Amino acid sequence: MKRMAQRGTAIISALLVATVVSVIVAAMLARQTQMIRSVEGESQRAQGAWLSRGVLEWAKQTLWQQRLDDPMTRLDQPWAQPLRAVRLGGAEFEGRLSDEQGKFNLRNLVQDGLTDELEVAAFERLCAHLSVPQGQIGRIVQRVVDAYPRRTGPVLEPRGNEFDSGRLAPPSAQAQVIPARRPMLRHVDDLASVPGLAPETLERLRPFVTVLPTATWVNGNTASAQVLASRVPGMAMEQAQAVVAERDRGQWFINSGDYLNRLRLPQMTIEQLRLGITSEWFLLRGLSTVAQRQIPVEALLFRADMAKPRVVWSRVGT
């Protein structure tokens, strides 16, 4: 009996040892598998990042060459053609450049620390064309205004029927700077935090609005019918669509004055219309694919008149 008890104890001990060893081995294998996957993921991310850098260099070179060839910015130029199946090693990229000056720039709503009523009216017209609920338009405008420092304009003393620009009101009435109350907008996605803004409204606006670091004019050679119509008070969507269709058949606007003639706007000035024929801001957006893993890529590029394009910001894999 004693021997049988000892033998049973030995068997149980062996089983316990085997169980402990199995658990340890399983944990080690799981950890090793996790490490392998982590290394593979990092390798894929690095491949995607290298491809993205290559595509960014292509974008900068293409935009620079286009500026040298033709100062105008149009949709029939090489930069506007989509990129398909661009390969580097085992990675593949698909995407395209878009002209951000073909959109309504929300930064325009605030000029020199003051709300620009002309731009607010244009934005309201754009929202009307996109069927954005009236109550949500004011919330968007307020969010943009709150993102930038504002000032109270200096009060000028009238002299006769004119204002004397050299005579200001007393110091107490001088311009005062009001600090920004909200974080600065960097991307259209930042509007998602606006209280009461429906997600479908943001999606409706996304193709037609942008947020750029500086105020810009709209490029009428790349703008949609909705954005073009927003620049002209009273312009019907049907007229804007006809103008855009004619433009895309090769009847490009050749200068700012061309807008006034072709749109039949003798009562407006170029400064009121704020339509141009060149662009400085472009957005690269696409997907890098590595071993079935898709890595989103987005970058804002700035092309100054006499300088090579540069990347202002980029987002890879977020």
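This is a predicted model: local features need pLDDT of at least 70, side-chain atom pairs count only at pLDDT 80 or more; totals for chains, interfaces and linings use all residues.
Trainee: Let's start with the whole chain. What does the protein chain contain in helices and strands, and how much of it is buried?

Mentor: There are 8 helices and 15 strands. Of the 318 residues, 41% count as buried. Among contacts with a separation of 6 or more, 64% join residues 24 or more positions apart.

Trainee: Why is Arg274 called buried?

Mentor: Its relative accessibility is 16%. Buried means under 20%, so Arg274 counts as buried. Arg274 belongs to the loop between helix 8 (270–273) and strand 12 (275–276).

Trainee: How do you know that the side chain of Arg274 makes a polar contact with the side chain of Glu119?

Mentor: The distance is 2.8 Å, and the cut-off for such a pair of N or O atoms is within 3.5 Å. The pair therefore qualifies as a polar contact. A polar atom of the Arg274 side chain also lies 3.1 Å from the backbone oxygen of Glu271.

Trainee: What is noted about the phi of Arg274?

Mentor: Phi of Arg274 is near 55°, a positive value in a residue other than glycine. Asp112 also has phi near 55°, again positive and again not in a glycine.

Trainee: Is Asp112 buried or exposed, and what makes it so?

Mentor: Asp112 has a relative accessible area of 65%. Exposed means over 50%, so Asp112 is exposed. You will find Asp112 in the loop between strand 4 (110–111) and strand 5 (114–115).

Trainee: Which residues meet where helix 2 and helix 3 pack?

Mentor: From helix 2 come Val120, Phe123, Glu124 and Cys127, and they meet Ile137, Ile140 and Val141 of helix 3. By class, that contact has 6 nonpolar, no polar and 1 charged residues.

Trainee: What makes Gln136 a buried residue?

Mentor: Gln136 sits in helix 3. Its relative accessible area is 10%, and the limit for buried is under 20%; Gln136 is therefore buried. The Gln136 side chain makes a polar contact with the side chain of Thr201 at 2.8 Å. Not counting residues up to four places away in sequence, Gln136 touches Gly196, Leu197, Ala198 and Thr201.

Trainee: Why is Asp190 called partly exposed?

Mentor: The value for Asp190 is 28%. Buried needs under 20% and exposed needs over 50%, so Asp190 falls in between and is partly exposed. Asp190 lies in the loop between strand 9 (177–178) and helix 4 (199–205).

Trainee: What does the side chain of Asp190 reach?

Mentor: The Asp190 side chain reaches the backbone nitrogen of Arg186 at 2.8 Å. Leaving aside neighbours within four places in sequence, Asp190 is in contact with Met184 and Leu185.

Definitions and conventions: Residues are numbered from 1 along each chain as its sequence is written. Side-chain values use heavy atoms; hydrogens and water are left out. Helices (H or I, at least four residues) and strands (E, at least two) are DSSP runs, numbered from the N terminus. Buried means under 20% relative accessible area, exposed over 50%, partly exposed in between (1.4 Å probe, protein chains only). A polar contact is a pair of N or O atoms within 3.5 Å; within protein, one must be able to donate a hydrogen and the other to accept it, and residues adjacent in sequence count only if both atoms are side-chain atoms. Contact means heavy atoms within 4.5 Å. Ala, Val, Leu, Ile, Met, Phe, Trp, Tyr, Cys and Pro count as nonpolar, Asp, Glu, Lys and Arg as charged, and the others, Gly among them, as polar.
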